[in-house]
Amino acid sequence: MPEPAIAGKPRELGFDSKRLTRISSHFRDYVDDGRLAGWSLLVSRRGQVAYSDHYGQRDLSTGAPIENDTIYRIYSMTKPITTVAAMILYEEGAFDLNDPVEKFIPSFANQRVYLSGSASTANTAGVLQPMAIHHLMSHTAGLTYGFLHAHAIDEMYRNAGYEWDYPAGHDLAACCDDWAGLPLLFQPGDEWNYSVASDVLGRIVEVASGMTLDEFFRTRIFEPLAMDDTSFWADTEERQARLATLYTRNPADGSAVPIDAMGKAALHKPKMLSGGGGLVSTIGDYHRFTQMLLNRGELDGERLLGSRTVDYMAINHLPGGQDLPAYGRPIFTETAHAGMGFGLGFSVVIDRAATKLACSDGEYSWGGAASTGFWIDPAEEITAVFMTQLLPSSTYPLRPEFRQLVYQALID
């Protein structure tokens with residue numbers, strides 16, 4: 001994809017140039033003391049790049065540097081892309097947000113809901129209302145993740161082969177049928193819980209469009225937005241050479257150590273096309289995606305969504321205007337969710353005082369398991385993207401620190 005052009009000086013965009021350099025200085029310390037291998041970041045305002053930088057190595061063993069076109073596993077930053085794909089179909093009349101999931105995936109009919117007991121002896125009851133498509137988009141469906149290790153139902157997912165991976169040979173349709181056969185954590189719509197909901201939504205995209213998820217993404221999102229390096233795997237030798245190594249924290253000394261088995265999955269075409277966490281991308285590509293959202297559905301003459309659709313996605317959809325701590329179950333993350341609601345595909349700031357972050361009401365965001373993150377601030381016309389490769393995202397408070405450092409540089 002074309003590199004984002006820097007048109008205009010930071011001061012003309014309301015930033016203090018000297019204060020912006022604090023961002024790089026802060027995150028360079030993470031690399032210099034060995035906690036991170038490397039990172040990239042990009043901040044834009046009013047459609048112009050105000051600040052971008054990268055530092056460190058994409059592979060510590062070879063010394064290959066982080067560059068502008070380094071490819072990263074974005075994991076859950078796939079979720080907003082899947083939601084945009086679904087909303088494209090919604091705008092075309094393919095479904096209603098109240099449509100039951102079972103209309104497109106019949107195995108979700110007659111689901112059961114957990115009441116009590118262990119993973120082997122769970123007591124369940126029938127659903128009071130069918131799981132709807134909007135429940136998937138807002139993570140209020142009652143689904144979960146095996147890697148959360150918080151509930152008996154999580155254990156059931158792990159026992160079925162779903163923790164950080166999928167059963168061998170399973171495609172998206174087979175995974176959805178497996179999840180449909182497991183009890184829900186709660187009645188649809190009753191709570192918020194991070195889950196495989198976006199993967200199920202990806203399957204609905206496939207059924208409703210008659211296309212595989214990768215083909216829909218390519219033709220309806222990536223090609224129109226010129227996101228040339230975004231896909232479900234690094235699909236050429238040249239792209240594989242640009243793929244950053246995946247790391248985790250060495251508990252002995254805090255240094256970054258590679259996770260080769262998990263990291264190498266991005267070198268091969270997956271059987272399971274995960275709309276919840278399967279994509280790889282570059283910072284430039286994801287910047288274009290955030291610009292499309294900031295522009296309320298359009299970029300460079302290509303309109304993916306209507307302006308009111310994006311506006312609707314970016315409001316709090318939790319009942320009664322509640323935030324995540326009030327309505328949701330705790331999840332692994334380095335960011336407290338006080339003052340954060342949830343829209344369709346991302347979290348939304350509903351009380352900036354409660355967040356204890358210098359941000360704006362209406363700002364929306366999300367991140368990925370390898371410590372990547374983005375946010376979009378319509379009030380300030382800001383988008384920001386941070387890329388690195390460290391599992392899990394709860395290791396260091398990178399995302400709130402990035403926000404803090406960006407907003408302190410605003411002076412207009």
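This report describes a pocket, a helix and some backbone features of a predicted model.

## The largest pocket

The largest pocket holds about 810 Å³ of space, and its lining is made up of 38 residues. Those that lie nearest the centre of this pocket are Tyr-75, Trp-164, Asp-165, Tyr-166 and Gly-277.

Tyr-75 sits in the loop between β4 (72-73) and α2 (78-91), and it counts as buried because its relative accessible area is 15%, below the cut-off of 20%.

## Helix α14

Helix α14, which runs over residues 398-407, is mostly covered, with nine of its ten residues buried. Among the buried residues are Leu-398, Pro-400, Phe-402, Leu-405, Val-406 and Tyr-407, and Arg-399, Glu-401 and Arg-403 are buried as well.

The elements that cover these buried residues include the helix α1 (17-32) and the strands β1 (38-45), β12 (340-342), β14 (364-367), β15 (373-377) and β16 (382-387).

In the loop between β17 (390-391) and α14 lies Pro-392, which is joined to Leu-391 by a cis peptide bond with an omega of about -10°.

Glu-381, found in the loop between β15 and β16, is not a glycine either, yet has a positive phi of about 60°. Glu-381 counts as partly exposed because its relative accessibility is 37%, which falls between the cut-offs of 20% and 50%.

How values were computed: Residues are numbered from 1 along each chain as its sequence is written. This is a predicted model: local features need pLDDT of at least 70, side-chain atom pairs count only at pLDDT 80 or more; totals for chains, interfaces and linings use all residues. Side-chain values use heavy atoms; hydrogens and water are left out. On a 1 Å grid over the protein atoms alone, a cavity is a set of points where a 1.4 Å probe fits but cannot get out, and a pocket is an open set with protein on both sides within 12 Å along at least five of seven lines; lining residues have an atom within 4 Å of a point. Grid points are joined across faces, edges and corners, and a volume is the space filled by probe spheres set on the points. Buried means under 20% relative accessible area, exposed over 50%, partly exposed in between (1.4 Å probe, protein chains only). Helices (H or I, at least four residues) and strands (E, at least two) are DSSP runs, numbered from the N terminus. Contact means heavy atoms within 4.5 Å.
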